[in-house]
Amino acid sequence: MKIKRYLPLFFTLLAFSACKVESENIFTMFGDVEVTFQNSSEFAVTEDAVVNDGDSVHIYFTITSAKEDMYSVVVDSTNGTGTWSTVIIDTEDSERRSFSGVRKFKMQRDGKVTFRFYARDFKNEYLGDGYTSITIDARPSFDHFVNRRLYAPSEDTPELPSFLSLTTGRTYSYSEGSSASAEIDLGIDTVLTADENNPTELVYNLYSTSVDEYPVPFYDLSGWTKRETLFSAPIENYTNTNYTRVLVSASKIQEEAEKVTIDRKQTDAIYHVQGLAPNTLLYFRTPEGKYGALYITQSTQDSDGRPYVNMHVKIQK
């Protein structure tokens, strides 16, 4: 009686066993495709590498398929900001089982970029990437100082920072400035806007410490060391996306800065939506010849009602 009782369970397990299908292992199912890298020039890399900003990089690759014809080869690249690019190469009849190519570029972003090479069949279905990739890592080439807060100058609060060193990212108050003037590149000043509809709004401007006439009458900078830092005109409506994804290395910062004229010692806006308004960018060049970018993110007040502007700075090392 007990045997009859367990017979249904036995046959059920037997049926499941008969229907069991061995699934392919994801780590071996695309093993018919192989990718290799060749040392075919002085700039060639054949494995993960660390380079400098501005270095030339050549990736010579060969991708082969043992069983399936390759109708296209795809080169994917992904960088640290999450952006990527894809290049699709259609193969000729003679290249269906073996394709060789090269990616040549100048490294112009700090951080890592990973390249992956894979094949697709005539249905545009994935064949494999040889389970390999190459990562190029560029050494840091610029300094990034974020959230530097400069307060509107006031005779009542000389202890609040309204000066900035672009090379160190340090802010200074007027009280601290004299002893550190050799490092200070700029100060800020404010006036009321000329916009009659918003008469209480402040206009923020900057000035180099080497400016001919100091715009803040109650600050005496006559004994300060003067740095001949120059600025571009403010570029309005500059997005944070551009700041993050375009100015990504020392060479890119200089490349973009050289597209504009950098010859100003101060800005002279009269409306609050100009000058150092949010989403404004200025390029600069220090007396040492270093290029950089100054990005305004905010103009507001602190919890005590004291007005200030917030900014980020990128500068070549």
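Where does T91 lie? T91 is found in the loop between β5 and β6, where helices (H or I, at least four residues) and strands (E, at least two) are DSSP runs numbered from the N terminus. The views below show a predicted model, in which local features need pLDDT of at least 70, side-chain atom pairs count only at pLDDT 80 or more, and totals for chains, interfaces and linings use all residues. Residues are numbered from 1 along each chain as its sequence is written, and side-chain values use heavy atoms, with hydrogens and water left out.

View 1. With a relative accessible area of 6%, T91 is buried (buried means under 20% relative accessible area, exposed over 50%, and partly exposed in between, for a 1.4 Å probe and protein chains only). Its side chain makes a polar contact with the side chain of R96 at 3.1 Å; a polar contact is a pair of N or O atoms within 3.5 Å, where, within protein, one must be able to donate a hydrogen and the other to accept it, and residues adjacent in sequence count only if both atoms are side-chain atoms. Leaving aside residues up to four places away in sequence, T91 touches M70, Y71, S72, V73, R96 and F99, contact being heavy atoms within 4.5 Å.

**View 2. The salt bridge between D69 and R97.** The two side chains meet with an N to O distance of 2.7 Å, a salt bridge being a side-chain nitrogen of Lys or Arg within 4 Å of a carboxyl oxygen of Asp or Glu. This pair links distant parts of the chain, 28 residues apart, with D69 in the loop between β3 (56-65) and β4 (72-79) and R97 in the loop between β5 (84-90) and β6 (98-106). D69 counts as partly exposed at 30% relative accessibility, and R97 is partly exposed with a relative accessible area of 36%.

**View 3. The salt bridge between R227 and D185.** The closest N and O atoms of the pair are 2.8 Å apart. Here too distant parts of the chain are linked, since R227 lies in the loop between β14 (202-208) and β15 (230-232) and D185 in the loop between α2 (174-177) and β13 (186-192), 42 residues apart. Both R227 and D185 are buried.

**View 4. The salt bridge between R306 and D302.** The side chains of R306 and D302 meet at 2.9 Å, N to O. R306 counts as partly exposed at 28% relative accessibility, whereas D302 counts as buried at 13%.

**View 5. A network of salt bridges.** K252, E255, E256 and K259 are linked in this network. The count for the model comes to 13 salt bridges.
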